[in-house]
Amino acid sequence: MSFQLPDLPYAYDALEPHFDAQTMEIHHSKHHAGYTSKLNAAIEGTDAANMSIEDILKNADKLGAGVRNNGGGFYNHKLFWEVLSPNGGGAPSGALADAINSDLGGLDALKESFNNAAATRFGSGWAWLIVNSNGKLEVTSSPNQDNPMMPFGDVHGTPIMGLDVWEHAYYLKYQNRRPDYISAFWNVVNWDKVAENYANAK
Ligand code: MN
């Protein structure tokens with residue numbers, strides 16, 4: 001089995017002015033494509049070639065650095081594109097909104113916690129909203145292309161929303177101003193998809 005670079009569910013310029021078209025095109029067609037092809041090369045002829053991406057991530061400690069880095073890169077970007085939308089922003093509703101209120105103290109508290117996780121992740125990495133092993137929402141971050149499905153770090157669970165804070169995700173438009181990029185994310189976040197991911201993770 002080999003993994004395929006997913007098409008974006010919108011045009012490269014669809015998230016303007018929040019996420020610029022040039023960054024989106026390079027990020028998808030170069031960075032995500034690179035992780036995908038390197039993942040395929042790393043698993044070819046190994047036991048991982050017959051595993052789902054979720055099982056690959058859960059066993060990343062046994063599969064080597066190439067699978068860890070590129071398997072994470074493949075999965076993380078796929079999730080990232082899906083939780084963005086030109087019709088995004090606003091506020092969640094339904095069961096997700098209820099859980100944000102009960103588990104995290106409300107949407108403003110979620111944003112404050114998530115913004116802090118994204119801003120303070122040193123170097124390259126990701127901020128996450130996850131469903132943890134107790135079935136509760138939790139905000140965390142991870143370095144490089146790790147994510148909380150992997151058996152690394154202290155916080156584990158199923159990611160339902162992620163924000164890429166590698167410089168390649170924002171430098172062309174925002175240069176060193178990572179907090180401005182994080183703020184822009186809230187204008188394009190696809191709460192309907194996050195709610196779907198939440199339902200599936202529960
Ligand atoms: Mn990236």
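Mentor: A strand here is a DSSP run of E with at least two residues. The model is predicted. V131 is found in strand β1, which covers residues 125–132.

Trainee: Why is V131 called buried?

Mentor: Buried means under 20% relative accessible area. V131 has 5% relative accessibility, so it counts as buried.

Trainee: Which residues are in contact with V131, leaving aside neighbours within four places in sequence?

Mentor: They are K136, L137, G157, T158, I160, Y198, A201 and K202.

Trainee: What makes α4 roughly perpendicular to α8?

Mentor: The axes of helix α4 (residues 94–104) and helix α8 (residues 191–201) cross at roughly 80° and come within 8 Å. Angles of 65 to 115 degrees count as roughly perpendicular, so α4 is roughly perpendicular to α8. On α4 the contact is made by A95, L96, A99 and I100, and on α8 by W191, V194, A195 and Y198. By class, this contact has 8 nonpolar residues, no polar and no charged ones.

Trainee: What makes H27, H77, D164 and H168 donors of the manganese ion?

Mentor: Donors are N, O and S atoms within 2.8 Å of the metal. NE2 of H27, H77 and H168 and OD of D164 lie 1.9 to 2.1 Å from the manganese ion, so these atoms meet the cut-off. Along the chain the donors follow the spacing H-x49-H-x86-D-x3-H.

Trainee: Is D164 buried or exposed?

Mentor: D164 has a relative accessible area of 0%, so it is buried.

Trainee: How do you know that the side chains of H168 and D164 make a polar contact?

Mentor: The cut-off for the pair of N or O atoms is within 3.5 Å, and the contact joining these side chains is 3.4 Å. H168 is in the loop between β3 (157–164) and α6 (171–174). Residues up to four places away in sequence aside, H168 touches T23, H27, H31, Y35 and H77. One of these, H31, is 137 residues from H168 in sequence and 8.5 Å from it in space, C-alpha to C-alpha.

Trainee: Why is S142 called buried?

Mentor: The relative accessible area of S142 is 5%, and buried means under 20%, so S142 is buried. S142 is placed in strand β2, residues 137–143.

Trainee: Which side chain makes a polar contact with the side chain of S142?

Mentor: That of W128, at 2.8 Å. Not counting residues up to four places away in sequence, S142 touches W128 along with R121, S124, G125, W126 and N147.

Note on methods: Residues numbered from 1 in each chain as written. Predicted model: local features only at pLDDT ≥ 70, side-chain atom pairs only at ≥ 80, totals over all residues. Heavy atoms only, no water. Donors = N, O, S within 2.8 Å, 3.2 Å for Na, K, Ca; no water. Buried < 20%, exposed > 50% of the residue type's maximum accessible area, 1.4 Å probe, protein only. Helix = DSSP H or I, 4+ residues; strand = E, 2+ residues; numbered from the N terminus. Polar contact = N/O pair within 3.5 Å; in protein donor to acceptor, adjacent residues only side chain to side chain. Contact = heavy atoms within 4.5 Å. Axes fitted to C-alpha atoms, helices over the stretch in contact; angles between N-to-C directions. Parallel < 35°, antiparallel > 145°, perpendicular 65-115°, else oblique. Nonpolar A, V, L, I, M, F, W, Y, C, P; charged D, E, K, R; others polar.
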